[in-house]
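Visitor: I have a model open here and would like to talk through how it is put together. Can we go piece by piece?

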Amino acid sequence: MARLTTDIVVGAALRQAAGFGIFAAILRKGDARAGAIFVELEKSVNEFCLLARQLNYDDEYEWVCITGTDWVSSEVVQDRLSREVSYDPDCWIISVQDSEGRNIFTL
């Protein structure tokens, strides 16, 4: 089955976010065809999480919070993002600011 390219998926999510009144922006543009996507989600000044898109065992994409189950500080997210970028320099980083903590890719 053919998959949508990453740039199309990101563009659609950004338009969807705008429709819901959620601020979202691309912080890092990765590989347009198949780059990994990370979402830096800011719920409040002190509440952040880092989401990553992963393939599950059924070969379907799912979103996982890779900074744990609780909200963390911005510094924790930035440290993790630095490590992820060093592993995969072709990744995308999307910043989302939403007081409800919604993932724009699953709206």
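Visitor: Which residue in strand 3 is the bridge partner of Glu42?
Guide: The model is a predicted one, and in it Glu42 is bridged to Phe48 of strand 3. That pair belongs to the contact between strand 2, residues 37–44, and strand 3, residues 47–55, which run antiparallel and are joined by six bridges.

Visitor: And what is the strand order in the sheet?
Guide: The sheet is open, has five strands in the order 1-5-2-3-4, and its pairing is mixed. Strand 1 (23–28) and strand 4 (61–65) are at the edges with a single partner strand each, so one side of each has no neighbour in the sheet. On average, neighbouring strands are turned by 25° against each other, direction ignored.

Visitor: Switching to helices: what does helix 2 lie across?
Guide: Helix 2, residues 74–87, lies across strand 1, strand 2, strand 3 and strand 5 (92–97), and runs at about 30° to strand 3.

Visitor: Which residues of helix 2 are buried?
Guide: They are Val77, Leu81, Glu84 and Val85. These cover an arc of only 95° around the axis, which means that they sit on the same side of helix 2. The face turned away from that buried side carries Glu75, Ser86 and Tyr87, which are exposed.

Visitor: Why would residues spaced like that point the same way?
Guide: Because an α-helix has 3.6 residues a turn, residues three or four places apart point the same way.

Visitor: What does Val85 touch, beyond residues up to four places away in sequence?
Guide: Val85, which is found in helix 2, touches Arg28, Cys91 and Ile93 once those sequence neighbours are left out. Its C-alpha atom is separated by 26 Å from that of Gln16, a residue 69 places away along the chain.

Visitor: New topic: which residues of the largest nonpolar core touch the most other members?
Guide: That core has 16 residues, and the ones touching the most other members are Ile37, Val39, Ile94, Val96, Ile104 and Phe105. Helix 1 (6–19), strand 2, strand 3 and strand 5 each give two or more residues to this core, with the largest share, four residues, coming from helix 1.

Visitor: What is Phe105 in contact with, leaving aside its neighbours within four places in sequence?
Guide: Phe105 is in contact with Val9, Val10, Ala13, Ile37, Val39, Trp63 and Ile94. There is also a second, separate core of 11 residues, including Phe38, Ala52, Leu81 and Ile93.

Technical notes
Residues are numbered from 1 along each chain as its sequence is written. This is a predicted model: local features need pLDDT of at least 70, side-chain atom pairs count only at pLDDT 80 or more; totals for chains, interfaces and linings use all residues. Side-chain values use heavy atoms; hydrogens and water are left out. Two strands pair if DSSP finds at least two bridges between them. Axes are lines fitted to C-alpha atoms, for helices over the stretch in contact, and angles run from 0 to 180 degrees between N-to-C directions. Contact means heavy atoms within 4.5 Å. Buried means under 20% relative accessible area, exposed over 50%, partly exposed in between (1.4 Å probe, protein chains only). The arc is that of the directions from the helix axis to the C-beta atoms. A nonpolar core is a set of buried Ala, Val, Leu, Ile, Met, Phe, Trp, Tyr and Cys residues joined through side-chain atoms within 4.5 Å.
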